[in-house]
Amino acid sequence: MHIAMSSATRLIFNGRCYSFNLFCAPVSEQLLYRRELKYRETRMDVYEAIETRRSVRAYGPDEIDRAVLLRIMDAARLAPSAKNLQEWRFVIVTDAEKKLRLQEAARGQKFVGQAAAVIACCAKTDEHLMACGQQCYPIDVAIAIDHITLAAVAEGLGTCWIGSFFEDKAREILNIPEAIRVVELLTIGYPADSPKPKSRLSLDETVCFEEWSL
Ligand SMILES: Cc1cc2nc3c(=O)[nH]c(=O)nc-3n(C[C@H](O)[C@H](O)[C@H](O)COP(=O)(O)O)c2cc1C
């Protein structure tokens, strides 16, 4: 496999790797290249990422480095899925005009156009049912999205799930075939505010042992 990149184009600064012609290579090659570098970031503890994550609805102007985005998407790729179907597919949108059109599709939610990227989180099939009667695809895509949101925190990025959007409009804007479900949109970018934690029910209200007592 040829990887279209020479070591001369790689800059390591502050423990981060910046690559200049990485964008020319297909995504799979970019990932392989990253692995070949045996590139390692300082990892954040998973509990810290869970506790730090907030829905971020204000973003700064900085773009997200392609290598960072791919590292985050790799966390989605590694998510579990029913029967290991891996039906998730992602369209990452950074084009300003398209983001504004997605903002309209998301009922005008202003921060959608402001985010560095909007990720259309899709499912390739919506046919599979589990024996328990639940559909596989929304669960599987949601798990992958959650991986993205937590990996984003570890990268100093903020995200917000967008369920309030018109699927047909998103499909049309992104040229997504009819058979593909657009499950959620997800905004991602460098936070421009620090939202306070939202309240949660207590463990006593949500968890019981051995039999239903809630
Ligand atoms: C499936 C789903 C859909 C959501 N849709 C939207 C949305 O369209 N717009 C929005 O601003 N927030 C949306 N949110 C974010 C929730 O409002 C948010 O997660 C919740 O209020 C808890 O706040 P926190 O994420 O900061 O802990 C969504 C969250 C989920 C999980």
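This is a predicted model: local features need pLDDT of at least 70, side-chain atom pairs count only at pLDDT 80 or more; totals for chains, interfaces and linings use all residues.

**Exercise 1. Work out how helix α4 lies against helix α7, and which residues make the contact.**

Step 1: Find the two helices. α4 covers residues 96–105 and α7 covers residues 167–174.

Step 2: Look at the axes. They come within 9 Å and cross at roughly 165 degrees. Angles over 145 degrees count as roughly antiparallel, so α4 is roughly antiparallel to α7.

Step 3: Check the hand. The crossing of α4 with α7 is right-handed.

Step 4: List the touching residues. K98, R101, L102 and A105 come from α4, while α7 puts in K169, A170 and I173.

**Exercise 2. Find the buried residues of α4 and say what they pack against.**

Step 1: Pick out the buried ones, which are R101, L102, Q103 and A105. For the spacing, remember that an α-helix has 3.6 residues a turn, so residues three or four places apart point the same way.

Step 2: Look at what surrounds them. The buried residues of α4 pack against the strands β3 (88–93), β4 (117–123) and β6 (181–189), and against the helices α5 (111–114) and α7.

**Exercise 3. Two residues that are not glycine, R107 and N175, have a positive phi. Where does each one sit, and is it buried or exposed?**

Step 1: Recall the background. Most residues other than glycine have a negative phi.

Step 2: Take R107. Its phi is about 55 degrees, and it lies in the loop between α4 and α5. R107 has 12 C-beta neighbours inside 10 Å, and 12 or fewer means exposed, so it counts as exposed.

Step 3: Now N175. Its phi is about 60 degrees, and it belongs to the loop between α7 and β6. N175 has 7 other C-beta atoms within 10 Å, so it is exposed too.

**Exercise 4. List the shell around the ligand, then follow Q109 from there.**

Step 1: The shell is R54, S55, R57, Q109, C160, W161, I162, G163, S164, P195 and K198. By class, these split into 4 nonpolar, 4 polar and 3 charged.

Step 2: You'll find it in the loop between α4 and α5.

Step 3: Trace its contacts. Leaving out residues up to four places away in sequence, Q109 touches Q103, I162 and S164. Of these, Q103 is one of the buried residues of α4, and I162 and S164 belong to the ligand shell.

Step 4: Check one distance. Q109 and S164 are 55 residues apart along the chain, and their C-alpha atoms are separated by 8.8 Å.

**Exercise 5. Describe the packing of α3 on α6.**

Step 1: α3 is residues 66–77 and α6 is residues 136–154. Their axes come within 7 Å and cross at roughly 145 degrees, in a right-handed crossing.

Step 2: On the α3 side, the contact uses I72, A75 and A76; on the α6 side, A144, H147, I148, A151 and A152.

Step 3: Sort these by class, and you get 7 nonpolar, 1 polar and no charged residues.

Technical notes
Residues are numbered from 1 along each chain as its sequence is written. Axes are lines fitted to C-alpha atoms, for helices over the stretch in contact, and angles run from 0 to 180 degrees between N-to-C directions. Helices (H or I, at least four residues) and strands (E, at least two) are DSSP runs, numbered from the N terminus. Angles under 35 degrees count as roughly parallel, over 145 as roughly antiparallel, 65 to 115 as roughly perpendicular and the rest as oblique. A crossing is left-handed if the near helix is turned anticlockwise from the far one by less than a right angle, and right-handed if clockwise. Two residues are in contact if their C-beta atoms, placed from the backbone, lie within 7 Å. A residue is near a molecule or strand if its C-beta atom, placed from the backbone, lies within 6 Å of it. Ala, Val, Leu, Ile, Met, Phe, Trp, Tyr, Cys and Pro count as nonpolar, Asp, Glu, Lys and Arg as charged, and the others, Gly among them, as polar. A residue is buried if 20 or more other C-beta atoms lie within 10 Å of its own, exposed if 12 or fewer, and partly exposed in between; C-beta atoms are placed from the backbone.
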